[in-house]
Amino acid sequence: MTLEKVRRELKAIKGKRYWRSVDELADTPEFQAAVEREFPGSAQEWVDPVSRRGFMKLMGASLALAGLAGCTKQPDEPVYPYVKAPEDLILGKPMYFATAHPFVTGAVPLLVKSDQFRPIKIDGNPEHAYNQGSSDPFSQGTLLDLYDPDRSQHVTYRGENREWAEFAIGFRNKVISTKDGTGIYFLSETITSPTLARQWRAVQAAWPKAKLVQYDAAVAGTALEKGLNVQYSLADADVIVALDADFLSGAAYPGFHKLVREYADRRKLAGKDLNRLYAIESTPTTTGLKAEHRLGLRASEIPAFAAELAKAVGVGGVEPPAYAWTDEQKKFLAALAKDLKAHAGKSVVIPGLYQDPTIAALAMAMNSALGNQQAAFSIGNQENSASIASDQLSDFKAMVADLNAGKVDWLVILNANPIYTAPADLNFADAFNKAKLVAHLGSHVDETGQIAHWHIPAAHYLESWSDARAYDGTVSIVQPLIDPLYGGKTAHHFFQALLDEPGLSPYDAVRETWKPVIKGDFETGWRKALHQGWIEGTAYAAIPPTAFIMGGLSKLKVSAPAPKDAIEIIFRPDPNVYDGRWSNVGWLQELPKPVTNLSWDNAAIVSGATLTRLGLEEDDIVELCVGNGKVKAPVIVAPGHPDNSVTVHLGYGRQFAGRVGSGAGFNAYQIRNSWAPFYATGSIRKVEGKWGTAITKSHFQDHRSKMFGGQGNGNNSLEADEALGERGIIRYATLDEFKANPNFASEGFSREKTDLGTSMFPNWDYKDNAWGMSIDMNSCTGCNACIVSCYAENNIAVVGKQQVRIGRNMQWLRIDTYFEGDLAAPRAHFQPMACQHCENAPCEQVCPVGATVHTPEGLNMMVYNRCVGTRYCSNNCPYKVRRFNFLLYSDYETESLKLLRNPDVSVRSRGVMEKCTYCVQRISAAKIEADKENRAVRDGEVVTACQQACPASAITFGNINDKGSRVAKLRANERSYQVLADQNTRPRTTYVAAVVNPNQELEEAPVEHAPAKG
Ligand code: SF4
């Protein structure tokens, strides 16, 4: 079936239809094959040397190095008691320390769990005003990054092991010999630490000719690097407009944690009016797919659209370039402008980070014209997470010119990897070789570390002292939780080595910075800051939009869009591995990306129409060209992608990332130039071959309706073409429909009312706790933070690309994405799906050895020791949430990874079934505490790992027997429903149906939302 036919069929459908992939719509043989075999081929990889090598390559960082012959027994290990136990240590009782993950878009305040002085779980600091306990996939992934066995472990000079002192003395002497710093260049990642900025200023004062260049590939060229800091508050915004601003997907957008929370607070219908989100975007994101109204435009069209919008809402002095907008685009613009004006003072326009700078100015002008000062404001001191404002691209280019001119004696690279990330047009590798000496501080011997003269291992942020500002300006002290595993150093050591007290430790340097700021007794204030995780009084003060943005508006020149038939290539940091810094983190590599569900690769992402026009099929290899650069990439389709536009994610195609990341994907930096860092006109053409991408969207559907007669409803599977109707996997209504019928989510679903008497099994009387979960479909933005948190908490193994390709990824929790509507303009629903802990669990009834059983508190549990691997349980599970350990995925040998494990959760071996336990270890810990105090477990005392990470508070867990508990109230909510309730499984996880708030002027003819009567 062609895509054209798919679109015609979609158009012909009356009412709604959900789909999870283009393959599913097209009903390709590949899709059929994927869904008809729940357990695809089992053993052939052991005789195929290529895939066997691929599997073994991965072992070192997240998988097994030993036991490949089939050993399923953990190796014997001696256990020694402490001769003298550390004073603070109570075995089995973890400690928690406040720290922060320093990140270029703003530090993420954390509370890190430490077991026997090993950090084993990262979560947001629940008491911090900025993120209130939430986190994100990047922050979660940094834990595996700490224990990555491929981190560099030695100071080296031309490949030989040396000592730090030798380097530090030589470095200091060299700088002293220059008298003024001439010829000394520092190339650093963006400096986010106020102490590091202070140290640099001191270095500059002492050595005025020394130069600092900051370069972060994902930030260079954005407003962030220049210290511009306009902040947004969505708490009171009734209408939100995202101008290519992906603020709901992840921490790549500044303020993600706060913005998601505020957005989701207004989606819960809990005493606050529903907001309305519009997204105009150049590449499909979860922000766009959550929006009530989404307009896909090519990136170069968005500044012109923003200018039209600004003019329409009354901003003076803006001259939009002439452009032939379609009727549909004009209609969208008119309705949006009208809605914004109707919500003047209660709306907000948010500009994209990777857009033309004119967008930021236009957005601020619109917010000002609309009186949105409550929702969009500058911060008092014009400083943001980048502690030293700079123009990174210009500075980098100037440094390359100096390198080529032979002016650079020492190039000291601090936590940057420019050989990999530098713009292609600057030929940085050639310039690099002209420096007389290069020293590289890095966590890995990466592409830059390979050819630098000196390499110094960098300490991880969980190993070292520093400081950083969160989005709201609050300063957190970055305190270490473990001694450097490999004696790593930080940028603080480098700058301090040039100052009067070269031996001053980062700890003392950080204290010096904050002595003048902490009020009252310093030691008391310092201890308080460490304990709570922030320094009082350091949050930014808000001020109205500032003159420097407004003043430039009359001179603003909005560039004209590229010709309509030109192919535009868009560059974005990867949602999982960002700019490539987390390429070797297996959790993030394997995590299916939002929207595409692509794992272990990046791709050339296009629209269905562009794919057809170019005569391509998904997974074909294409050649992308921009300027003089060329790169080969697999092509895939993303629903809603603008035509004649290709999205590529940075961060792949690494040569020296480590055993996990090296060789994954293609290197998009090869076609990214300094003159167009975020989008450029280019070309795409088909070349020979197929890539072999691993995409998980057709996994976990068994498609039995097709297998057993094409009945659609009435069979046992969880699949998109059954998402509507009486099975109602996805249920939602418009606000008006909800007001007319608050019970829309349960009315008509007669099978859901199955009463307990219909089961052949006797009912269990839950006297104390009956655990349950509720998931709010309106709040979930599909950000994936919950999945990575689940990885860390539950010692979940990474299986590698080849295993993912055959459907064996081990994630206990997944986000099912159901698309709806036209292929070119879909809406999507994100549904977190894990074990539903069915009261009437189909898995329990078929296990021949009683390995999956029910607990007296209603948990569906696996007894690993009993499991013999028949997999009947998974076969009988309609939700497809059980994961079978086909191979020995867990690594029992690598020393550093032993430190990573959560000791409260077993590390599973080959041949057992595993799945979500509702974090039973956390339940047990809470029960032990409650028992000691002779009381019941309090509501909110058990927080599951997924719940803890979620920035949208979409997940609620607790005791459903306690009618006052939050989860019990949510289950009693009129919008609460069960997935596949007709199976009489009686799941303990329920969902709260979504309510959307569309603008009637943009709504298509009303569709029938009411479910079929069952
Ligand atoms: S439930 Fe998971 S995917 Fe959804 S918003 Fe929360 S953390 Fe993100």
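## A predicted chain and its ligand shell

By class, the shell around the ligand holds 10 nonpolar residues, three polar ones and no charged ones. Here Ala, Val, Leu, Ile, Met, Phe, Trp, Tyr, Cys and Pro count as nonpolar, Asp, Glu, Lys and Arg as charged, and the others, Gly among them, as polar. The shell has 13 residues, and Cys780, Cys783, Asn784, Cys786 and Cys950 come nearest. A residue is near a molecule if one of its heavy atoms lies within 4 Å of it.

This is a predicted model: local features need pLDDT of at least 70, side-chain atom pairs count only at pLDDT 80 or more, and totals for chains, interfaces and linings use all residues. Residues are numbered from 1 along each chain as its sequence is written, and side-chain values use heavy atoms, with hydrogens and water left out.

pLDDT is the predictor's confidence in each residue, from 0 to 100. The chain's mean pLDDT is 88, and 86% of its residues reach 70 or more. The table gives their contacts (heavy atoms within 4.5 Å).

The chain has 32 helices and 40 strands. These are DSSP runs, numbered from the N terminus: helices are H or I with at least four residues, strands are E with at least two. Of the 1014 residues, 64% are buried. Buried means under 20% relative accessible area, with a 1.4 Å probe and protein chains only.

Now the inside. A nonpolar core is a set of buried Ala, Val, Leu, Ile, Met, Phe, Trp, Tyr and Cys residues joined through side-chain atoms within 4.5 Å. The largest core has 154 residues, and Ile240, Phe247, Ile350, Tyr578 and Trp587 have the most contacts inside it. Helix α25 (residues 785-793) gives the most to this core, with seven residues. A second, separate core has 48 residues, including Val408, Leu411, Ala431 and Ala676. In soluble globular proteins, nonpolar side chains tend to be buried together.

Take isoleucine 350. Beyond four places in sequence, its contacts include Tyr232, Leu234, Ile240 and Phe247.

Is serine 114 buried or exposed? Serine 114 is buried, because its relative accessible area is 1%. Serine 114 sits in strand β3 (residues 108-115). Leaving out residues up to four places away in sequence, serine 114 touches Pro94, Met95, Phe97, Pro119 and Leu481. A polar atom of the serine 114 side chain lies 3.5 Å from the backbone nitrogen of phenylalanine 117.

Conventions: Buried < 20%, exposed > 50% of the residue type's maximum accessible area, 1.4 Å probe, protein only. Polar contact = N/O pair within 3.5 Å; in protein donor to acceptor, adjacent residues only side chain to side chain.
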